[in-house]
Amino acid sequence: MSMSVLKSAEEMQRWALEQRGAGKRIGLVPTMGYLHEGHLSLIAEAKKRADAVVVSIFVNPVQFGPNEDFAKYPRDEARDLKLCREAGAAAVFVPPVPAMYAPDASVFITEERLGSGLCGARRPGHFRGVCTVVAKLFNLTLPHVAVFGQKDYQQAAVIRRMVRDLNFPLEIVVAPIVREADGLAMSSRNVFLSGDERARALGLSRALRVAADAVAAGPCAADAVRRRMSKELEKHALKIDYAEIVDAETLEPVGDARQGNVALIAAYCGKTRLIDNRVL
Ligand code: AMP
């Protein structure tokens, strides 16, 4: 079956209503494009849970800060469409920015608890942009199930909360992090890394391993674990944005780190900001 490529909000909604009318279960995989194996794993997961999978590809300006990489975020629509087709997507939604935001758009969604620390603290307005665009994508694609990656642990938690608190009638699934053979979490931004930076980027997953090893024998002071993570990051000449151990549900920093907590890191490798996390 041929894949539909939809560009406007109206076309997208019409497609979704047709699928629903035909009794199909819709699965949504929201992305910013420049697809890699991580994204493809989400499409595969969605295909298991839905009859028709729609992949959205939209670099959402509202979730980028003024000094962030919106303009230079990698884009390759032709390649993305080919990958979606090969992965068996039924539709791809690739709206231009004006199809998503009226120039005088004035309604935005803010989650007020889970999104305030970590990336939310370091990127003010980020999760407001994420919640708003994801809510819009839900209204446009009418999914029964939407699949997100654990790579963005805090984002998944914020979206789950939005779905719960605003009663979106759909199921959220969070799929595991897909990594390169050496442990680096796949990310569209990895394309920015020079050879030397690519080697040093390994520091994130190494530091998460250090945290997991630290709690393997039993709970220990989170301060001490954070210091060990920082040391590992510094060893790889990474500039730490944050390195935290938090409760898996509340995302509040813990005093004692233990198994089941989540270690989260954001660090700059040169100019590229990378994130990674691990459930301990
Ligand atoms: P992005 O295009 O980076 O905004 O990501 C779109 C979706 O893919 C989000 O739900 C991410 O969490 C997920 N994702 C990104 N990288 C990975 C990865 N390495 N493994 C699994 N999921 C990922």
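Why is β8 largely enclosed by the rest of the structure? Six of its eight residues are buried, so β8 is largely enclosed; buried means under 20% relative accessible area, exposed over 50%, and partly exposed in between (1.4 Å probe, protein chains only).

The model is predicted, so local features need pLDDT of at least 70 and side-chain atom pairs count only at pLDDT 80 or more, while totals for chains, interfaces and linings use all residues. Residues are numbered from 1 along each chain as its sequence is written, and side-chain values use heavy atoms, with hydrogens and water left out.

**View 1. An open sheet of three strands.** The strands follow the order β8-β10-β11, with antiparallel pairing. Strands (E, at least two residues) and helices (H or I, at least four) are DSSP runs, numbered from the N terminus, and two strands pair if DSSP finds at least two bridges between them. Because β8 (239-246) and β11 (272-279) are at the edges with a single partner strand each, one side of each has no neighbour in the sheet. From one strand to the next, the twist averages 10°; axes are lines fitted to C-alpha atoms, for helices over the stretch in contact, and angles run from 0 to 180 degrees between N-to-C directions.

**View 2. Strand pairing in the sheet.** Seven bridges connect β8 and β10 in the antiparallel sense, and K239 is opposite Y268 in β10. Strand β10 (residues 262-269) is also joined to β11, by eight antiparallel bridges. There, A267 faces L274 in β11.

**View 3. Helices on the sheet.** Helix α9 (residues 202-216) lies across β8, β10 and β11, at about 25° to β11. Helix α10 (residues 222-235) packs on the sheet and touches β8 and β10, its direction making about 150° with that of β8. Contact means heavy atoms within 4.5 Å.

**View 4. E234 in helix α10.** Helix α10 contains E234. This residue counts as exposed because its relative accessibility is 52%. Its C-alpha atom is 28 Å from that of A157, 77 residues apart along the chain.

View 5. An N or O atom in the side chain of H39 is 2.8 Å from a ligand oxygen atom. A polar backbone atom of V178 is 2.8 Å from a ligand nitrogen atom.

Methods. A polar contact is a pair of N or O atoms within 3.5 Å; within protein, one must be able to donate a hydrogen and the other to accept it, and residues adjacent in sequence count only if both atoms are side-chain atoms.
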